[in-house]
Amino acid sequence: MSEEDKAIKISDQNGNKIEMTQDGITMESSKAITLKAGTEVKLESGTSFAAKAGSEMKLESGTSFAAKAGTEMKIESGTSLGAKGGTELKLEGAAGAELSSSAVTKVKGSLLKLN
């Protein structure tokens with residue numbers, strides 16, 4: 001603890017650190033960080049929230065998963081993007097919808113209904 005720095009800093013021999021300063025709280029681990037709760041974990045930010053993985057990111061839910069944006073949502077992949085519904089996939093636009101490709105565009109189905 002440092003009154004001069006107005007901070008609390010905790011570190012161990014493994015390179016793990018927790019710092020509480022006037023700028024906020026920083027947690028750093030030389031390996032992994034695990035958060036586990038018996039009922040729920042909530043993360044909330046007043047302005048923005050970012051999550052970044054160096055190689056792979058997984059989100060999984062046992063029953064349902066929802067993502068919602070107040071104005072705009074973008075999903076982008078550098079090479080390919082797949083979406084699959086176990087029994088049904090529905091994409092809908094209230095004011096319009098567009099499907100386009102600069103290469104071959106395929107629309108397949110046992111029965112295809114347009115309009």
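## Ground rules

What you're looking at is a predicted model, where local features need pLDDT of at least 70, side-chain atom pairs count only at pLDDT 80 or more, and totals for chains, interfaces and linings use all residues. Residues are numbered from 1 along each chain as its sequence is written, and side-chain values use heavy atoms, with hydrogens and water left out.

Let's start with strand 1 (residues 8-11), which pairs with strand 2 (residues 17-21) in the antiparallel sense over four bridges. Strands here are DSSP runs of E, at least two residues long, numbered from the N terminus, and two of them pair if DSSP finds at least two bridges between them. Isoleucine 10 sits opposite isoleucine 18 of strand 2, while lysine 9 has glutamate 19 as its bridge partner. Five residues lie between the strands in this hairpin, and glycine 15 takes a positive phi near 90° there.

Strand 2 also pairs with strand 3 (residues 24-28), again antiparallel, over five bridges. This second hairpin has two residues between its strands. Glutamate 19 turns up again here, opposite threonine 26 in strand 3, and methionine 20 is partnered with isoleucine 25.

## A nonpolar patch

Some of those residues come back on the surface: Ile10, Ile18, Met20, Ile25, Met27, Ile33, Leu35, Val41, Leu43 and Phe49 form a nonpolar patch with about 1000 Å² of accessible area together. Strand 2 and strand 3 are the elements that give two or more residues to the patch, and methionine 27 belongs to strand 3.

A patch like this takes residues with over 30% relative accessible area and no salt bridge, joining nonpolar side chains (Val, Leu, Ile, Met, Phe, Trp, Tyr) within 5 Å and like charges within 9 Å. Areas come from the Shrake-Rupley method with a 1.4 Å probe, and for residues only the protein chains shown count as cover. A salt bridge puts a side-chain nitrogen of Lys or Arg within 4 Å of a carboxyl oxygen of Asp or Glu.

The largest pocket holds about 950 Å³ of space. Among its 21 lining residues, Ile75, Leu81, Ala83, Leu89 and Leu91 are the closest to its centre. A pocket is an open set of points on a 1 Å grid, where a 1.4 Å probe fits, with protein on both sides within 12 Å along at least five of seven lines; lining residues have an atom within 4 Å of a point.

The second largest pocket has about 300 Å³, lined by Phe49, Ala50, Ala51, Met57, Leu59 and Phe65.

Conventions: Points joined across faces, edges and corners; volume = space filled by probe spheres on them.
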